[in-house]
Amino acid sequence: EKHGGEVTVITMGPPQAKETLVKCLAMGADRAILLTDRAFAGADTWATACALSVAVKQSEYDIVLCGKQAIDGDTAQVGPMLAENLGIPQITFVKKVEVDPDSRKVVAHRETEDGYEAVECRLPVLLTAIKGLNEPRIPTLMGIMNAHKKEIRTATASDLGISPDMVGLKGSY
């Protein structure tokens, strides 16, 4: 909002994941995409990053923001693999970010084993966030009502033009 940007949230999961996307819309996201298909089932981090990268490539973006890691696999691999698939730089474990849209740069303050460091990077960039990067919004009643009116686009492997052999269990290593 500060820089006039838009937020698109993308997740891959079963149809029930739609409720999480509704919550994201209620918190202020502009668009939502749910990658849902039996072909995605059993995906490891590689196959997940493959599917997500195809979906992201179909949108315009300056910053791709991922969580540090998923709670199920706890590997912290999807974000970096996604950046590699997109061919963009990545900055991991980000606690604070400053965006300069005029110079098309970000300065990301990232946590390291020894403390923190600041990294400057040109856009587009992928950032993986750690707790404390922001204070999540509490959805308002109006936000919740508007979220239920917004379309959540669903996409299958076929919709994305992905071979079922590249995703899910078949595309996993």
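Leu34 stands opposite Thr154 in strand E8. The two residues belong to a pairing in which E2 and E8 run parallel, joined by 4 bridges. Strands are DSSP runs of E with at least two residues, helices are runs of H or I with at least four, and both are numbered from the N terminus. Two strands count as paired if DSSP finds at least two bridges between them.

Before I continue, please note that this is a predicted model, in which local features need pLDDT of at least 70 and side-chain atom pairs count only at pLDDT 80 or more, while totals for chains, interfaces and linings use all residues. Residues are numbered from 1 along each chain as its sequence is written, and side-chain values use heavy atoms, with hydrogens and water left out.

The pairing of E2 with E8 is part of an open sheet of 3 strands in the order E1-E2-E8, with parallel pairing. Its edge strands, each pairing on one side only, are E1 (8-12) and E8 (152-155). From one strand to the next, the twist averages 20 degrees. Angles here run from 0 to 180 degrees between N-to-C directions, and the axes are lines fitted to C-alpha atoms, for helices over the stretch in contact. Helix H1, residues 18-26, packs on this sheet and touches E1, E2 and E8, with its direction at about 165 degrees to that of E2. Contact means heavy atoms within 4.5 Å. Helix H2, residues 45-57, lies across E1 and E2 and runs at about 150 degrees to E1.

Rings of Phe, Tyr and Trp, the last by its six-membered ring, pair if their centres lie within 6.5 Å; planes under 30 degrees apart are stacked, over 60 edge-to-face, and the rest tilted. By this rule the count is 1 aromatic pair. Trp46 and Tyr173 form this edge-to-face pair, at 5.8 Å centre to centre and with 70 degrees between the planes. Because Trp46 lies in helix H2 and Tyr173 in the segment after helix H5 (157-160), the pair ties together parts that are 127 residues apart in sequence.

I turn now to the other sheet. Here 5 strands form an open sheet in the order E3-E7-E4-E5-E6, and the pairing is mixed. E3 (63-67) and E6 (115-122) are the edge strands, each pairing on one side only. The twist in this sheet averages 40 degrees from one strand to the next. Helix H3, residues 78-86, packs on the sheet and touches E3, E4 and E7; its direction makes about 175 degrees with that of E7.

Let us go through the pairings. E4 (residues 90-100) pairs with E7 (residues 125-129) in the parallel sense over 3 bridges, and Val94 stands opposite Ala129 in E7. E4 also runs antiparallel to E5 (residues 105-112), with 6 bridges joining them; here the bridge partner of Lys96 is His109 in E5. E5 and E6 run antiparallel as well, joined by 8 bridges, and Glu111 stands opposite Tyr116 in E6.

Several backbone details deserve attention in this region. The hairpin of E4 and E5 has 4 residues between the strands, and Arg104 takes a positive phi near 55 degrees there. Phe93, found in strand E4, has a positive phi of about 55 degrees although it is not a glycine. The peptide bond from Leu123 to Pro124 is cis, with omega near 0 degrees, and Pro124 is placed in the loop between E6 and E7.

Finally, the second largest pocket. On a 1 Å grid over the protein atoms alone, a pocket is an open set of points where a 1.4 Å probe fits, with protein on both sides within 12 Å along at least five of seven lines, and lining residues have an atom within 4 Å of a point. The lining includes Thr8, Leu25, Asp30, Gln58, Lys150 and Arg153. Strand E2 (residues 31-35) supplies the largest share of the lining, 3 residues.
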